[in-house]
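Today I went looking for charged side chains that pair up. My notes follow.

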Number of protein chains: 2
Amino acid sequence: MSDKKLRIVPLGGLGEVGKNMMAVEYGEDILVIDAGLMFPENDMLGIDYIIPDFQYLLNKPKNVCGIIITHGHEDHTGAIHHLMEQINAPIYATPLTRGLVELKLSRGGLLNQVSLNTVKAGEMVQIGPFKVEFFHVCHSIPDGVGLGIGTPEGLIIHSGDFKFDHTPVDSWPTDFAKLGEFSGRGVLALMADSTNADKRGWTPSERVIEPALDQVFRTAPGRIIVATFASVISRMQQVANIAINHGRRMAFVGTSMTENARISRKLGYLEIPDNLLVSVEQAMKMKPNEVVLMCTGSQGEPSSILGRLSTGTNRQFDLVSGDTVVLSSHPIPGNEESVHRTINRLFRRGANVIYDAIAPVHVSGHASQEEEKLLINLVKPKHFIPIHGELRHLHQHADLARELGIPTERVATIENGHTIEFLHGNMNLGERIPGGYVFVDGAGVGDIGPSVVREREALARDGIVLVNLAIDRNTSKLREEPEIITRGFIIIRDAEVLMAGMSKLISETVRRGNGDLKEDLRNTLMSYIYNETKRRPMIFITTSRE
Amino acid sequence: MSDKKLRIVPLGGLGEVGKNMMAVEYGEDILVIDAGLMFPENDMLGIDYIIPDFQYLLNKPKNVCGIIITHGHEDHTGAIHHLMEQINAPIYATPLTRGLVELKLSRGGLLNQVSLNTVKAGEMVQIGPFKVEFFHVCHSIPDGVGLGIGTPEGLIIHSGDFKFDHTPVDSWPTDFAKLGEFSGRGVLALMADSTNADKRGWTPSERVIEPALDQVFRTAPGRIIVATFASVISRMQQVANIAINHGRRMAFVGTSMTENARISRKLGYLEIPDNLLVSVEQAMKMKPNEVVLMCTGSQGEPSSILGRLSTGTNRQFDLVSGDTVVLSSHPIPGNEESVHRTINRLFRRGANVIYDAIAPVHVSGHASQEEEKLLINLVKPKHFIPIHGELRHLHQHADLARELGIPTERVATIENGHTIEFLHGNMNLGERIPGGYVFVDGAGVGDIGPSVVREREALARDGIVLVNLAIDRNTSKLREEPEIITRGFIIIRDAEVLMAGMSKLISETVRRGNGDLKEDLRNTLMSYIYNETKRRPMIFITTSRE
């Protein structure tokens, strides 16, 4: 028996939502699974997005033998162009996932220098020492896969993002038979999606939203505008089918929606007859009750089509009274406020708004507890590693596994950067590697750290006060009135008394001329401002002596 | 018949969550109902809290004949000291509500100059031209009331915050008989709590959480820490009862929890035997499985006891492995991220965490749709005005009223500042008054407007760059290297090339000496920085000529 170890190296998606990424190693060889991004939390001010810290891979880039993308969602694909700028290894993905990854790489100007391989669910591919079997899983985007990873140490199952929908829109359920077959062969470890590990029961089938959508189409007096993620291809299919039944034509609005629909149709994942589709311009000329529009913005993003409609700043068309807006999605945690604000604004502009609290117009793409239990009992793994979720989800999922009889010592609840090693069939905690995340802001990747974000917080909390002084080098007195500039501190036109007080204090402090003038001024102003306003703006003093 | 009008003037709580406040006017006389605050949304940077804009009342302060507080929650009481600084009118409240309002007034140094009147549910009080009947309603704090407001124009019902709990912890259900009696007399208008208007069914009784808490007490191996709002007196009672059953002693941690428990016990709203209570110090000396602690922080507030426990910065004690933490509350919209982050951190510190997704350890204090329907059918109002909720809730509640047969023209879905008038039994929209909200930040009330918050956003988005130049007045050249200060922009130690580039550019621009030097410098630096980083920090230039 070899003494090479099999290692699981979570780089993202364990202990934090989104930005899923993992390495599976055998000896020297590294297989990467997914490379996702995460959108910033509300207190990560000004950050565009976050990617996993994959420095670990950059230390041995030649060892990476392949990169598998399990499906086309941003939280699994969004860091791929950052990775491919630095790693030269082939990508493996199913046709739709490949199409979406290509879009991303071509925007980054990387398409021609990357080797892309199409695999289909049911196929097996040898990647370095790994025999990878791709099996179909249902999720909220078509063509998702899970992985059976054959290694000399044993078989590892990676669930991908999955649910057990028996009646998915594309009539292609999760490959239960393959899971059963894996089970028969013996599974060393199962790594399974934990996103909904605190949801009881069974996630409803995507089909359940059709009656709710049908009801909207039956009763809407004017235009219907369905907002969802650009990646929910199945929702496009459902809306198209219902539109045909109700004699409405359909238009996609916005680049991402239009592009994804185009790719999905081209690759055969979306069946929409040509004569159903109209352009937005055509749609605007039709009778309101003869058209349905699909757009993005269901998360309340201000710059999305729906966000702009809610504020009356959309370029191509405006909301009119009689419009019905359907938000066919659930707010991602952290987005609730902006989603609710958008809904309120849509109501204020005269639209009727249907959202998931008031009608079942959305279902989750992730397995709930009963499905998670079924997966574990189907696969009967020796070891269990919950993945894809915050720490609280991983703990819940681990509890479920223990309830099903997997001994505590064979369940590993780990976070990013904690590695797991298998040797001779036994699981152990391995070394800790530097984990964490990297901020992307504008063109900068990693040139902003938590300290810069804390400075932004401080700037935002009480604003800034800038004082510029010209001091006479002979008399050490002010040559002119101090220049005082503030931003984010106070409404200046109402703060005459405060500004006069600051001016007076500055003159006195300069006249006193104690020790370090700048430091003295900063302290004096800080306590004066705090006493008057109970605020602590950042204070900057610049001086010149003339 | 008089030609005086009855007017409803919503000052807060319609179209936005929280900060509930309303005026009911007959002729010249004004009755104020509630004066609440709202905590800032995630993008209201640095703001402490928000209060209603009650300038309308300040224009005729002598006309206010009374102020009723329906219950002791912050979103109904939190602006009372701001109001009482400027309005001299008696306050009416039930005993517990009065106790909590007194706390608030005494902190503001206003207690001695305010006239406070205790009323009990079931009593009637004449306030100016209004005959106000206080009736008991269940809510998540004891001693809440709704109001029957007799006016010469007819009877108006104000629901307060309510639910129809048949088995509340204090065994005091909502006064259905009084509602039926109002109905018999004829009700001109019902104003009812819309908070849960998009929740189907019936809100569960507070009692349902007892089995879940009991389960925690049966299985927790060590200390139990229950986190909830300091105002949920009934939860204190439930935890006390269960602690007695399981032989644990109880300690309150933190000022607000301790103070509220003290007042509630003194006034008879909380029955806890003296020998059940221990101090935190005593609790720390006891065996872990003999104690339960109650504290605040269930909303993930970083400075709360639970927030500090989650980061290991609590003063009196730390979490230890084996602790069980119960979050007995539901995240307020906008707080999800910080609640989830706190839960993850508690897990990371070795605690087991029970929260509402995984066990029914919390129920809402507000009526759901079936209760809202029951209230409308009990009261049978001629007109209906949904209150207390965002616009989307008001629309849902209005839809419910129409489903129950109230004609559309008798249902008023209005926002803050839209007034309603009744004359001779008919309802009409009245004038618009300046509505909205006032930011409170530090000592300042209203000295920060949306423009200052937008400046804070701009500061936080990409930080600031300060450039200070000393220019020779004779040669117009730089006398020394420009001083460049940044905050929140970039990690300076990794940005040598950028800083050198800026320095060079500044020298060149000064040498060129085109037109307005500051403007020229700002534009030149702005485009350089944007090209290099794709960021747009705020740029400030100060110069002196020597």
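**Salt bridge notes**

I started with Glu133(A), which is buried at 7% relative accessible area (buried is under 20%, exposed over 50%, partly exposed in between; 1.4 Å probe, protein chains only). Before going on, I noted that this is a predicted model, where local features need pLDDT of at least 70, side-chain atom pairs count only at pLDDT 80 or more, and totals for chains, interfaces and linings use all residues. Side-chain values use heavy atoms, with hydrogens and water left out.

Who pairs with Glu133(A)? I found Lys178(A) in a salt bridge with Glu133(A), closest N and O atoms 2.9 Å apart; the term means a side-chain nitrogen of Lys or Arg within 4 Å of a carboxyl oxygen of Asp or Glu. Lys178(A) sits in helix H5 and Glu133(A) in strand E10, 45 residues apart (helices are DSSP runs of H or I, at least four residues, and strands runs of E, at least two, numbered from the N terminus). Lys178(A) is buried too, at 14%.

Next I checked Arg348(B) and Glu415(A), whose side chains meet at 2.6 Å, N to O. Arg348(B) is in helix H11 of chain B and Glu415(A) in the loop between helix H13 and strand E21 of chain A, so this pair joins two chains. Arg348(B) is partly exposed at 46%, while Glu415(A) is buried at 13%.

Then I looked at Arg7(B) and Glu421(B), a salt bridge at 3.6 Å, N to O. They lie in strands E1 and E21 of chain B, so the pair ties together parts 414 residues apart in sequence. Arg7(B) is buried at 9%, and Glu421(B) is buried at 15%.

Last, I noted the total: 68 salt bridges over all chains.

Methods. Residues numbered from 1 in each chain as written. Chains lettered and ligands numbered in written order.
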